[in-house]
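Student: I would like to learn how to read a structure of this kind with some care. Could we go through it feature by feature, starting with how its contacts are counted?

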Amino acid sequence: MQTDSRYRYRIFAMVFFIALINYVDRGALSFAANDISREFNFDKAQLGAVLGYFGFGYLFGSLCGGFLADRVGTRKVWLLAGALWSLLEIATAWAGELGVALFGGSAIIGFAALRIMFGFAEGPAYALMNKTIAHWAPRKERGFALGIGLLSTQVGSLLTAPLAVGLLLLTDDWRSMFILLGLFSLIAIVLFARVFTDTPQQHPLVNADELAVIGADQQADDGQHTRLPWWTFFTNRTLVFNALGYFSFLYVTFVLVTWGPKYLQDTFNYDLHSLWYVAMIPWSGACFTVLLGGRIADGLLRRFGNLRLARNLFAAVTLLLTACCFLLIPFMHSPAAIILLMTLGNALNALVNNVYWSVVIDVTPKASVGAYSGMTLAVANLASIGAPMLSGWLAQHHGYGAMFFATASVSFCSMLCMTLLQPEKKIVAVEAPHNAARYLA
């Protein structure tokens, strides 16, 4: 008797690996921040701008990537985006020189141009991940699959410290770090594209039993194959408030990714030899809670059959606790207490990560999951612009304490947004004039 080939788990693992590389590449600049600031005379506000330029491109890249995935296929967009971000990672080594040569002697404009293009190339990754999971994961495994994919954020951020610092110490040159990271990414994305297909039906290693497992509980999702118009996203209360809730996750993440290493260096005088492991600590708990969050969400849904309990209440309580952790940081004075609160706050923040992506799949027909995932990410990714820039400005003019107060405030506002979801109301496309949409309660 034939058994389930379980190739979908390899797909989940490959998506995790590529998304991890995506996060390492974007976070590496933070560990070269001191060297870059000294070489080009950037103050904290200017460095915050350099770190925030990534978000401008990321916002549009996430939006375009989702729409392209729905139209030309996930595999093609993975390959194009991955190759482009790898080449731009390499080019970052000469960003300052390009600015001086091409933009009137301004190194910061050179970094701005490269980081915006780099952000655009990296933007599609998580919309592509959600599109991949929508096709490859049975509904009962979506929480687990999303947890595996989203674990890349935390593991990538955790590994960025030893990888980036290790390359800096090994080569004694921040430019070499970008070149080596970019070359590795390019090789990885080419290998990934060779073994990945858009759907399980297209893959020769997926047998009939596995296709039956994947397709058995997706029939309700496949009732409508018509793509929804883009504007339907903004008429749906759940999708809009879910995107605003996701803003909190990204805000916390980008504060820690972009300013965490420099905050630890400036406040406690850690050098590179100690920073490589100290900067890993705030991400250690999140590596477990991002998986645990998917399990909790799946468990609540199985036990109570109530999407509002598994989405709204779970997210709201966790975000409230996240806000409390960051609110307490400015009142602490020992490195151990501050790092503990950063670790706990980040772990709680990651616990809800699964919910945001699950909600998009909950309410969106599969034909529009890529586009609406991209739109969710685009709205939320205003945080990738605001978090580094606002944090730099606050640190420059009001101290690092103000940066953490702002982070707590964002988490609290997102908590309120998550209480307003209606995840049980699925949008259903109907064959009518102008391709109207209705809600199925």
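Tutor: A contact means that heavy atoms lie within 4.5 Å. In this predicted model, residues 24 or more positions apart account for 84% of the protein's contacts with a separation of 6 or more. Residues are numbered from 1 along each chain as its sequence is written. As the model is predicted, local features need pLDDT of at least 70 and side-chain atom pairs count only at pLDDT 80 or more, while totals for chains, interfaces and linings use all residues, and side-chain values use heavy atoms, with hydrogens and water left out.

Student: What secondary structure does the protein have?

Tutor: Helices (H or I, at least four residues) and strands (E, at least two) are taken as DSSP runs, numbered from the N terminus. By that reading, the protein comes to 20 helices and two strands.

Student: Which radius of gyration does the protein have, and what would a compact globule have?

Tutor: The radius is taken over C-alpha atoms, and the globule rule is 2.2 Å times the number of residues to the power 0.38. For 441 residues a compact globule would be near 22 Å, and the protein, at 21 Å, agrees with this. Its C-alpha atoms fill a box of roughly 60 × 50 × 45 Å along the principal axes.

Student: Is Lys 262 buried or exposed?

Tutor: Buried means under 20% relative accessible area, exposed over 50%, and partly exposed in between, with a 1.4 Å probe and protein chains only. Lys 262, which lies in helix α12 (residues 237-268), is buried because its relative accessible area is 10%. Leaving aside residues up to four places away in sequence, Lys 262 touches Asn 34, Lys 44, Leu 47 and Tyr 400. Gln 201, in the loop between α9 (174-195) and α10 (208-216), counts as exposed at 57%. Across the protein, buried residues make up 61% of the 441.
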